[in-house]
Every structure is written in C-alpha cells, then in structure tokens.
Amino acid sequence: MDIDDTGINEAATRLLGLEGVSVIKVKDDGSGGSAVYVVTAEDSARACPSCGVFATRLKDYRTTRPRHLPCGGRPVSIQWRKARWHCTEPACGRGSFTEAIRAVPAGMRTTAALRQAAGAAVCDGSRTVVQAGRDLHLSWPIVQRCFEDHAAKVLPETPPATSAIGIDETRRGKPVWKQNPDTEKWELVADAWHIGFVDAIGGRGLFGQVEGRNSASVADWLSAQPAAWREQVRHVAIDLCSTFRAAVHRALPHAAVVVDCFHIVQLAQRHLADLRRRLTWKQHGRRARKGDGIYTVRKLLRRNKENPTEEQLSLLKAELEYMGTYGRQIYAAWQAKELLRGLLHLAVSRTHVTPDRSAISAARHRFLAHVADHAHLPEIVTLAETVEQWWDGIETYLVTGITNAASEGNNRLIKLEARNAFGFRNRENQRLRSRCATTRRSRREAHPH
Ligand SMILES: [Zn+2]
C-alpha cells in the first residue's frame, strides 16, 4: 500500500522528514541504524545554478551521503541518488551541475535539519558543544559553526527596547597568579573581566558584553547602539562604581543612574563589621573568641532588624551594654545601619507604588543626624559620606524601585555556562554563549514551540 508505482515509499518519506527527497527503501544497516535510499523529489533541483534554466539532458548519477538526524532513536544513513545534468543553454558557461535542494545545500555534507538541531541544542537547549556533538555524531568545529549560525538567526541584532538597563562586571574565568622569581612576590598575570549590559526590568537577559573594566569600554558599547535605542533608556542601574557612573553620564547624558540598594546594605554591613573588629582589637588585643560578649552578638549584628526576635534583640542590647563604651559604640553603628535600611525600605515596590518623598527626606535626615551624633566613629562617617556622594542614584532607586538584580541573576547563568564548558578559551565565543544562556527563557516565552 505504501509503495506506489514509481517505487516511492510515502510513509517512510514522511517519517524521514527531509524535504526535497523521496524514500525508495529502508534497510537495516547491520550496526543498529537504518540505511535510507532516497531520490530527488524537488523539481527546482533541476534548475541550473548559474542560469536558472531547467536542464533536460541527463549526464549521469552519483550517490552522496548527507548526515541527517536520527530517526526513532536510530542513526540514519542516507544514500541519495542524485542526477547530474548538462546545461544546454548556449549563453551559459556552466556545462554540467549536480542537483541541490534547500534541505541539503550544495557542498554541504550535513542536512539543514541536522545543523539546525545542533545549533539549537547549544543555543536554546543549554547543551555544551561537546555534548551536542556526541548526541548527533558531529565534530566540535561543525557544532560550533552550527551554533554560531543559529545564534546569529535568533539573537536580535540591536537590543530590544527597554527603559531601564543594568551594568555589572563579571570575572572571566579564574585570576591567575604567578610568583616573580626576582622579588618572590606573587603577581596577578591574568585577570580578565567582562562588563555586561542587561535588561533591568523586562527580563530579556544580556544585550551585550565588553571586555575590560574601564569607563571607555562601557561608554563605547553604549555609544555604538542605535540612537533611537539610547534615547529610550531612562534609567541605568549600577553598583557603587564611579567608573560606570562616569561612562553613563558620558554616553547616555539624559539617563538617570540608579544605585543598586543591595550593594548599599552590603556596604553598611561591611562598615559595621570593620568597626566591630577594630573595637575588639582595642579591647582584647586579639580577635574575638568564644566567651567574649562580642562573639555572642556577632551573628546578631549581621542579621537584619526584622529577622531577630525580640528576645535576641534584648540579648544584643544587654551584651553591648555590658561591654561598656565599646559596646555602646557598636550599638550606635548598628543603629546607623538599621536607619539606612529603614530609609531604603521606603522604595516603591509592587505593593507600595507611590514614592513618599517627605518620608524619604525625614528618614535621610534621621540617618545623617544619628551619624553626626557619633562623628567619632570613622566607619559610619565614611558610610554616610558614601551615601551622600551617591544620593542622586539612591533617591532614584527610592522613587523607581529599579534594582540591578537582573545582572546578578545573569551572572549566575554566565558562570554556570562557563563551568559546564570547563571554561572558555575564546572570549568572543564566551560572550556569545553567555548571551544565549541569559536570553534563553525570554526567547522561549516570545516564541513558544
Ligand atoms: Zn546554465
């Protein structure tokens, strides 16, 4: 029933799914796979590639074996009997040509479907090049080429429109240290960084990455984007990094810098820890150890206000009180941190959509007045100075609620991708793979299969 009078097996042809050829027969190849014999089924294959005229004079046949996807879990070896034709057009200089179809372009030894599958496995399916090569019985360079072709097709050439972007840096691989034989000092010989540009609010992953850590590389990437895209960026989320701030002011003068709130809290924690260590040394002449009051409260100091229970809070207070002057100083620094956290808490969010400017202003002054009362503690004075230097960016965070969390999330994906690939030797390739990894989810949502 399946085999019509021309010898073509319709069912097997549909099953193979290779457009432009018809299956004549399928045999066991003796090693767990199928040998599939096909003939050309696309009329246009007869068109001369030089002049486009359909040829009528057959020259001879030859068999090629383009590599294709496995079928039903079994490897498939295709034996394609192709015609060679004479081009008889007087004005055409070609002489003869071999049939070619879209699914197997001329000169290709793999089918387009196989190349597409290999490219998609790496770009969209998070397989490594090595894994995809093993699955599809292709070599590393071929899978890499397929991946690059696929990525060029699916990644947007210019970044999608977004009113807020985030900038952040990630280390590219591990830093390499070497001991200088002359000075016997350890020196950093390789420490490459990538600066990433992400969609801060739309979740569309990385727009691009550049090498280096300086202001010029950031400004250059931003300036290289289309003017229309640059104009619609209103906010740029960054860490407390003046290099990035300078670059944003230069390349996107109309956009406002947003300081990532997470990094301000982290900075306050760090200053509090510095102060605690300094006073411990002053009091004991050594690091804190079990039995010291400061040791008991160390963990509590690191915690944020809402988290410790009333009981823990009174323990903290009692222990610090018991320590005397140093304890009171630590308590003052802890209060400064909490006042700052309270201020950051006023930021707009999903549940709290209108900024309360008078509350923000009052909280800022409470924090600064507290620091002024304890101006003999250099750690919290430095903290307050940093907050004032970055006030514009902090205030923009408070009234917009924009953070750089998207960068942090992407950095995790980038590191995971590098770990799976056992590191990247080629930086351009690493950037391309990182872009694919971070845009995977949003691309899937935009084009669900
Ligand atoms: Zn021709």
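Student: Which strands and which helix each supply at least two residues of the lining of the largest cavity?

Tutor: This is a predicted model, where local features need pLDDT of at least 70 and side-chain atom pairs count only at pLDDT 80 or more, while totals for chains, interfaces and linings use all residues. Residues are numbered from 1 along each chain as its sequence is written, and side-chain values use heavy atoms, with hydrogens and water left out. Helices (H or I, at least four residues) and strands (E, at least two) are DSSP runs, numbered from the N terminus. On that basis the elements with at least two lining residues each are strand E6 (164–179), strand E7 (186–199), strand E8 (206–211) and helix H15 (405–420).

Student: Which element gives the most to that lining?

Tutor: Lining residues have an atom within 4 Å of a cavity point; a cavity is a set of points on a 1 Å grid over the protein atoms alone where a 1.4 Å probe fits but cannot get out. For the largest cavity the lining is Asp168, Thr170, Gly196, Val198, Leu206, Gln209, Ser407, Asn410, Asn411 and Ile414. With 4 residues, the top contributor is H15.

Student: What volume does the largest cavity have?

Tutor: The structure holds 2 cavities of 30 Å³ or more. Grid points are joined across faces, edges and corners, and a volume is the space filled by probe spheres set on the points. For the largest cavity that gives about 50 Å³.

Student: And the second largest cavity: which helices give two or more residues to its lining?

Tutor: This cavity has a volume of about 40 Å³. Its lining is made of Ala268, His271, Leu272, Ala333, Lys337, Glu379, Ile380 and Leu383, and by class that is 5 nonpolar, 1 polar and 2 charged residues. The elements giving two or more are helix H8 (261–284), helix H11 (325–344) and helix H13 (378–389).

Student: On to the metal. What geometry does the site of the zinc ion have?

Tutor: Donors are N, O and S atoms within 2.8 Å of the metal (3.2 Å for Na, K and Ca). Here they are the SG atoms of Cys48, Cys51, Cys87 and Cys92, at 2.3 to 2.4 Å. Four donors pass as tetrahedral if all angles lie between 85 and 135 degrees. The angles among these 4 donor atoms run from 101 to 117°, so by that cut-off the site is tetrahedral.

Student: How many residues apart in sequence are the parts that Cys48 and Cys92 tie together?

Tutor: The donor spacing reads C-x2-C-x35-C-x4-C. Cys48 sits in the loop between strand E2 (34–40) and strand E3 (57–64), and Cys92 in the loop between strand E4 (76–86) and strand E5 (96–98), so the pair links parts whose separation in sequence is 44 residues.

Student: Are Cys48 and Cys92 buried or exposed?

Tutor: Buried means under 20% relative accessible area, exposed over 50%, and partly exposed in between (1.4 Å probe, protein chains only). By that scale Cys48 and Cys92 are both buried.

Student: Where does phi take a positive value near 65° in a residue other than glycine?

Tutor: Most residues other than glycine have a negative phi. The residue in question is in the loop between E6 and E7, and is exposed, with a relative accessible area of 60%. That residue is Glu184.

Student: How far apart in space are Arg328 and Ser44?

Tutor: Arg328 lies in helix H11 and is partly exposed, with a relative accessible area of 46%. Along the sequence, Arg328 and Ser44 are 284 residues apart. In space, C-alpha to C-alpha, the distance is 88 Å.

Notes
1 Å grid on protein atoms, 1.4 Å probe; cavity = no way out; pocket = protein on both sides within 12 Å on 5 of 7 lines; lining within 4 Å. Nonpolar A, V, L, I, M, F, W, Y, C, P; charged D, E, K, R; others polar. Tetrahedral: all angles 85-135°; square planar, octahedral: opposite > 155°, others 65-115°.
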